[in-house]
Each structure stands twice: as structure tokens, then as C-alpha cells.
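Here is a guided walk through one protein model. Keep the sequence and the coordinates in view as you read.

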Amino acid sequence: MITKIVFLFLIFMGVLAMFGKLRIPGAKRLSSAKCKKCGRYRIGKGPCPCTGKES
């Protein structure tokens, strides 16, 4: 009985490891939406506020 539980646990951990290695769809697009200067996410198509007028 204990060996069945251990075996099922190992299979479950293997399945979780396989899912953990999968790539998240859209991750490349999300990383390219960051400003190269300050690292903040840009919303919309305009420039980042850090490149605008400085006060």
C-alpha cells in the first residue's frame, strides 16, 4: 500500500515537472512590452513616460 502511494506521488511530481517546463504563450510579447530604459510595462502604442519631458 505504501509503495502504491509513493509510486503515485512520484508520477504526480513528474507530471507537474513536465507542465512546469512548458512555455507560457505570449511571454515573448509581454517581455517586449517593457521599456528598455526603465523596465516598466508600456501600455498602448505611445512612448514610455520616462522618455518624455523631465521636470
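**Helix, surface and cysteines**

Isoleucine 2 lies in helix H1, which covers residues 2–20. Helices here are DSSP runs of H or I with at least four residues, strands are E runs of at least two, and both are numbered from the N terminus. The model is predicted: local features need pLDDT of at least 70, side-chain atom pairs count only at pLDDT 80 or more, and totals for chains, interfaces and linings use all residues. Residues are numbered from 1 along each chain as its sequence is written, and side-chain values use heavy atoms, with hydrogens and water left out.

The protein chain has two helices and zero strands. Of its 55 residues, 4% count as buried. Buried means under 20% relative accessible area, exposed means over 50%, and partly exposed is in between (1.4 Å probe, protein chains only). The accessible surface of the chain comes to about 5,800 Å², and 68% of that belongs to carbon and sulfur atoms. Areas come from the Shrake-Rupley method with a 1.4 Å probe; for residues, only the protein chains shown count as cover.

Back to H1. The expected span of a helix is 1.5 Å times one less than its number of residues. For the 19 residues of H1 that gives 27 Å, and the end C-alpha atoms are 27 Å apart, in agreement. Isoleucine 2 is exposed, at 63% relative accessible area.

Isoleucine 2 also belongs to a nonpolar surface patch of about 720 Å², together with Val6, Phe9, Leu10, Phe12, Met13 and Leu16. Patch residues have over 30% relative accessible area and no salt bridge; like charges are joined within 9 Å, nonpolar side chains (Val, Leu, Ile, Met, Phe, Trp, Tyr) within 5 Å. A salt bridge is a side-chain nitrogen of Lys or Arg within 4 Å of a carboxyl oxygen of Asp or Glu.

Now move past helix H2 (27–32), to the segment that holds arginine 42. Arginine 42 is partly exposed, at 36% relative accessibility. Beyond its neighbours within four places in sequence, it is in contact with Ser32, Ala33, Lys34, Cys35 and Cys48. Contact means heavy atoms within 4.5 Å.

Cys48 is buried, at 6% relative accessible area. Cysteine 50 is partly exposed, at 24%. How many disulfides does the rule count? The count is zero. A disulfide is a pair of cysteine sulfur atoms within 2.5 Å. The sulfur of cysteine 48 is 3.5 Å from its closest cysteine sulfur, in cysteine 50, so it is too far for a bond.
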